[in-house]
Amino acid sequence: SKVGIIYWSSTGNTEAMAQAVEEGAKAAGADVEIMEVADADVDKALSFDVLALGCPAMGDEELEDGEFEPFFSDLEGKLSGKKVALFGSYDWGDGEWMRDWEARIQSAGATVVNGEGIIVNGEPDDDIIEELKALGKALV
């Protein structure tokens, strides 16, 4: 199973989450590639069997709009039939950006493998890291 983990991180919180997903997927025997969204493109993303996408809440509970939103907008219409996991961090709000993101993925015909995704307020603690590792294993 080829797992692609694509994320955007400003403070390092979402990057730490991505690394935990990577660790779990590798432990389960997956071929894993992790990359920042700046290094990703739609064709590369679609080459993976399963995608894990990570982005923190920005602005008014939205995906980061400089790099991640443009990438995801290009990818969104091509996700039909794909399995996708979502994760991200936030400093305020109630997770609306993640619920909206999940709905967009479902509308595109993809399956969100972890429901509303894994969100954390601020830095991920040990419990969240373990949850993310378990998610990585579940993607395989």
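I begin with a polar contact of 3.0 Å, which joins the side chains of S89 and T14. Please bear in mind that the model under discussion is predicted.

S89 itself belongs to strand β4, which covers residues 83-90. Is S89 buried or exposed? Its relative accessible area is 6%, and because the cut-off for burial is under 20%, S89 is classed as buried. Setting aside neighbours within four places in sequence, the residues in contact with S89 are N13, T14, M17, C55, P56, A57, W97, V120 and G122.

I turn next to a pair of helices. Helix α3, residues 68-76, packs with helix α4, residues 96-107, at an angle of about 25 degrees, and their axes lie 10 Å apart. Angles under 35 degrees count as roughly parallel, so that is the description that applies to α3 and α4. Their crossing is left-handed. On the side of α3, the contact is made by F68, E69, F72, S73 and E76, and on the side of α4 by W101, R104 and I105. Sorted by class, this contact comprises four nonpolar residues, one polar residue and three charged residues.

My last topic is L135, which is placed in helix α5, residues 126-138. With a relative accessibility of 7%, L135 is also counted as buried. Beyond its neighbours within four places in sequence, L135 is in contact with V21, A85, V113, N114 and I118. How far apart are the C-alpha atoms of L135 and D125? They are separated by 15 Å, the two residues being ten apart along the chain.

How values were computed
Residues are numbered from 1 along each chain as its sequence is written. This is a predicted model: local features need pLDDT of at least 70, side-chain atom pairs count only at pLDDT 80 or more; totals for chains, interfaces and linings use all residues. Side-chain values use heavy atoms; hydrogens and water are left out. Helices (H or I, at least four residues) and strands (E, at least two) are DSSP runs, numbered from the N terminus. Buried means under 20% relative accessible area, exposed over 50%, partly exposed in between (1.4 Å probe, protein chains only). A polar contact is a pair of N or O atoms within 3.5 Å; within protein, one must be able to donate a hydrogen and the other to accept it, and residues adjacent in sequence count only if both atoms are side-chain atoms. Contact means heavy atoms within 4.5 Å. Axes are lines fitted to C-alpha atoms, for helices over the stretch in contact, and angles run from 0 to 180 degrees between N-to-C directions. Angles under 35 degrees count as roughly parallel, over 145 as roughly antiparallel, 65 to 115 as roughly perpendicular and the rest as oblique. A crossing is left-handed if the near helix is turned anticlockwise from the far one by less than a right angle, and right-handed if clockwise. Ala, Val, Leu, Ile, Met, Phe, Trp, Tyr, Cys and Pro count as nonpolar, Asp, Glu, Lys and Arg as charged, and the others, Gly among them, as polar.
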